[in-house]
Protein chains: 2
Amino acid sequence: MLEFQFMGTGNAGGVPLWGCHCPACDLARRDPTQRRQSASAVIRTNDGVSLLDAGITELADHFSFEEMERVLLTHFHMDHVQGLFPLRWAECERKIPVYRPDDPVGADDLYKHPGVFEFLPPCDPFREIDFGDFCVTPLPLIHSRVTQGFLIRKGNWRLAYLTDTVGLPDRTLAYLQANQPDELVLDCSEPPRDTPPRNHNDLNSALSIWHETGPRRLWLTHISHRLDTWLQQGGSLPEGVFVAHDGLTLSPGHDA
Amino acid sequence: MLEFQFMGTGNAGGVPLWGCHCPACDLARRDPTQRRQSASAVIRTNDGVSLLDAGITELADHFSFEEMERVLLTHFHMDHVQGLFPLRWAECERKIPVYRPDDPVGADDLYKHPGVFEFLPPCDPFREIDFGDFCVTPLPLIHSRVTQGFLIRKGNWRLAYLTDTVGLPDRTLAYLQANQPDELVLDCSEPPRDTPPRNHNDLNSALSIWHETGPRRLWLTHISHRLDTWLQQGGSLPEGVFVAHDGLTLSPGHDA
């Protein structure tokens, strides 16, 4: 058994954005199913839980200490790690390993006071890690901090989790072309723009990556209220492209 | 009208603490009224909202941008500022002033990317600030980061909000003796100990401060699961001493 679940599909400000009264933010205040928390996902197997980023702040309400096997971090921007700060004070003897990119700074005082977390040596890009019930390959991305995506593999099924990024490094693109994912989960913070934004994909750049790598389905994540408003106002997506939402699950051999 | 409300009365790990199965943590999982979020309080007047620290992470669910007048920070430990990170991305023209201690580092990248917050020059200790509907005097505390408490005054009514601290600096003690608060809100993270812990009061040191400053009532805050367990197991408090809880309100001339 392996299940991948989106927990947070919003950008750093989330949807609704504080103080904003655009159509997407107003809708999300009326209808909680339209809300987007900050970046988090989770992989569940029979062995336990692997957390992918920690943008959700109330993680203790979702996961017991006992079931948490490891944390995989894409990068150390606060909207991807903020959920770790209260959890670290757990007074437990077992440490939870954290797989991280090669970022000597980390976030605030996490390295200085890791508490229950053990920050492992930085991941080696392109070297697959075997967790027994599934494997993960770290893939370098293009962002304002050192950032890695993850190619998650169970048998022949592959899911690429690539956020935050604008475009892809050539080596990462080549690796994905040689190890084609079934499901591509990709940073797409913005609606189509004439020029892509800094640090994040717009829809045009996300679609380019999809076409270049060739997965069956593309799932957009790290979504801003601007992309949601664009969709609400009639913006359309090609067949095979979907907007993720908080709580959505994907599994090998099962359509969402 | 002035109303002071405790929003978070827990220490950095909160109650229940992740992974802990002590009596206080197990009770708080069964009974949400026993939960403690991290340090936050709020002052509401007819003019709007002044936030005292930002340990609550879902602040956007509690306050509209429009009503938020200002933020008063005691210090930059993450459990006191974590709620500001998502709020800062509000795309609004008005800036929200943040009154802060003289800490050149801040927390993570808050100073670099303040967004909608305007970090004012550091507060002058012992110099009263007049907000029109109430006044605030910053008072130095003793903690592992530069930290200030606040003496809140409306007319002759005074409430001292003093967390995080272990003991008090002599000048702060003398100031409180000369400007005696009606209500003393005080860091008391731990049950009675033979020697007080580092950085936070235990009950013995909190009671000493109460006796030295002489307010009518003492409210304990920044509470750990250890203090809650001690109370659950029969630990008793002198008359006039109360354990605060999330949501409790205090007002001039009204008993809680």
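Predicted model: local features only at pLDDT ≥ 70, side-chain atom pairs only at ≥ 80, totals over all residues.
In β12(A), L218(A) is the bridge partner of L184(A).

Strand β11 (residues 183–187) of chain A and strand β12 (residues 217–221) of chain A run parallel and are joined by 5 bridges. Both strands are part of an open sheet of 7 strands in chain A, in the order β7-β8-β9-β10-β11-β12-β13. The pairing in this sheet is mixed. Its edge strands are β7 and β13 (241–243) of chain A, each of which pairs on one side only. Strands of a sheet pair through backbone hydrogen bonds, either parallel or antiparallel.

Chain B also has an open sheet of 7 strands, with the order β7-β8-β9-β10-β11-β12-β13 and mixed pairing. At its edges stand β7 (129–130) and β13 (241–243) of chain B, each with a single partner strand, so one side of each has no neighbour in the sheet. For β7(B), strand β8 (residues 135–140) of chain B is an antiparallel partner, and the two pair over 2 bridges. Within this pairing, D130(B) stands opposite C135(B) in β8(B).

A helix lies across part of the sheet in each chain. In chain A, α4(A) lies across β8 (135–140), β9 (148–154) and β10, at about 145 degrees to β8(A). In chain B, helix α4 (residues 170–178) lies across β8, β9 (148–154) and β10 (157–162), and runs at about 145 degrees to β8(B).

D164(A) lies in the loop between β10 (157–162) and α4 (170–178) of chain A, and D164(B) lies in the loop between β10 and α4 of chain B. The peptide bond from T163 to D164 is cis in chain A and cis in chain B. The omega values are listed below.

| Cis peptide bond | Omega |
|---|---|
| T163(A) to D164(A) | near 5 degrees |
| T163(B) to D164(B) | near 0 degrees |

Another backbone feature concerns F126(A), which has a positive phi of about 70 degrees although it is not a glycine. F126(A) is placed in the loop between β6 (117–119) and β7 (129–130) of chain A, and β7 of chain A is one of the edge strands of the sheet.

The remaining topic is the interface. The size of an interface is often given as the accessible area lost when the parts come together. Here chain B and chain A bury about 2,600 Å² between them, with 55% of it on carbon and sulfur atoms. In chain B, the residues that lose the most area to chain A are W18(B), M78(B) and D108(B), which together account for 30% of what that side buries. The contact takes 33 residues from chain A and 33 residues from chain B.

On the side of chain B that touches chain A, the elements giving two or more residues are α3 (84–87) and α6 (225–232) of chain B. The largest share, 3 residues, comes from α3(B). By class, this side of chain B has 17 nonpolar, 8 polar and 8 charged residues.

Over all chains the count comes to 28 salt bridges, and 4 salt bridges are found across the interface of chain B and chain A. D61(B) lies in the loop between β3 (48–52) and β4 (68–72) of chain B, and R35(A) lies in the loop between α1 (23–30) and β2 (40–45) of chain A, so the pair joins two chains.

Terms used
Residues numbered from 1 in each chain as written. Chains lettered and ligands numbered in written order. Heavy atoms only, no water. Contact = heavy atoms within 4.5 Å. Buried area = accessible area lost by both parts, 1.4 Å probe. Salt bridge = Lys/Arg side-chain N within 4 Å of Asp/Glu carboxyl O. Helix = DSSP H or I, 4+ residues; strand = E, 2+ residues; numbered from the N terminus. Nonpolar A, V, L, I, M, F, W, Y, C, P; charged D, E, K, R; others polar. Pairing = 2+ DSSP bridges. Axes fitted to C-alpha atoms, helices over the stretch in contact; angles between N-to-C directions.
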